[in-house]
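Here are my notes after a look through the model.

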Amino acid sequence: MGQLLKRLVSELEKKGELTGDLKSKFYRAYGERLSKALKAVEEKRVKKYVVIPGVIEEWIVVGKTRDYLVIGDFYCSCNDFYVDVAVRGLVDACYHLLAKEIARVLKRYEVIKVEENEYENLIREWASFE
């Protein structure tokens, strides 16, 4: 996670809510990506998959055309992350990563439990590029 996102997430953790001032800070940093992230959180499109017996956890944000794998606070399987974050360095997070971090801190995500055999198929799908 970039330093700016770390600071903003840390502030969100301390406050426990996305206040108007904090929302403005996020918006100045991420613009329309924040709007998309908040919409994803509001629409309950952030999922935490737990593989039974609970050793593996994967975060997924349901996008328009597919589900995106978000690993930790440093990777997303979407094109925006690859192009604008990793290659061009324009920002330090795509909207999927923002949505995951905001949902995680505010505890506004769905937990889905899956068996190990289901997980193998899911991870192949999530990890593939668009």
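1. Start with the helix pair. Helix H1 (residues 3-15) packs against helix H5 (residues 95-106) at an angle of about 25 degrees, and the axes sit 9 Å apart. So H1 is roughly parallel to H5, a label for angles under 35 degrees. Axes here are lines fitted to C-alpha atoms, for helices over the stretch in contact, with angles running from 0 to 180 degrees between N-to-C directions. Helices (H or I, at least four residues) and strands (E, at least two) are DSSP runs, numbered from the N terminus.

2. A word on provenance. This is a predicted model, where local features need pLDDT of at least 70 and side-chain atom pairs count only at pLDDT 80 or more, while totals for chains, interfaces and linings use all residues. Residues are numbered from 1 along each chain as its sequence is written, and side-chain values use heavy atoms, with hydrogens and water left out.

3. Who meets whom between the two helices? From H1 come Leu5, Val9, Leu12 and Glu13; from H5 come Leu97, Leu98, Glu101, Ile102, Arg104, Val105 and Leu106. Contact means heavy atoms within 4.5 Å. The residues of this contact split into eight nonpolar, no polar and three charged (Ala, Val, Leu, Ile, Met, Phe, Trp, Tyr, Cys and Pro count as nonpolar, Asp, Glu, Lys and Arg as charged, and the others, Gly among them, as polar).

4. Ile102 is worth a click. It belongs to H5 and is buried, with a relative accessible area of 1% (buried means under 20%, with a 1.4 Å probe and protein chains only). Not counting residues up to four places away in sequence, Ile102 touches Leu12, Leu34, Leu38 and Val41.

5. Setting aside neighbours within four places in sequence, Phe26 is in contact with Leu5, Leu8, Val9, Leu18, Gly31, Leu34 and Leu98.

6. Last one: is Lys48 buried or exposed? Lys48, in strand E1 (residues 46-51), is buried, with a relative accessible area of 14%. Apart from neighbours within four places in sequence, Lys48 contacts Glu57, Glu58, Trp59, Tyr109, Glu110, Val111 and Ile112.

Note on methods
Parallel < 35°, antiparallel > 145°, perpendicular 65-115°, else oblique. Buried < 20%, exposed > 50% of the residue type's maximum accessible area, 1.4 Å probe, protein only.
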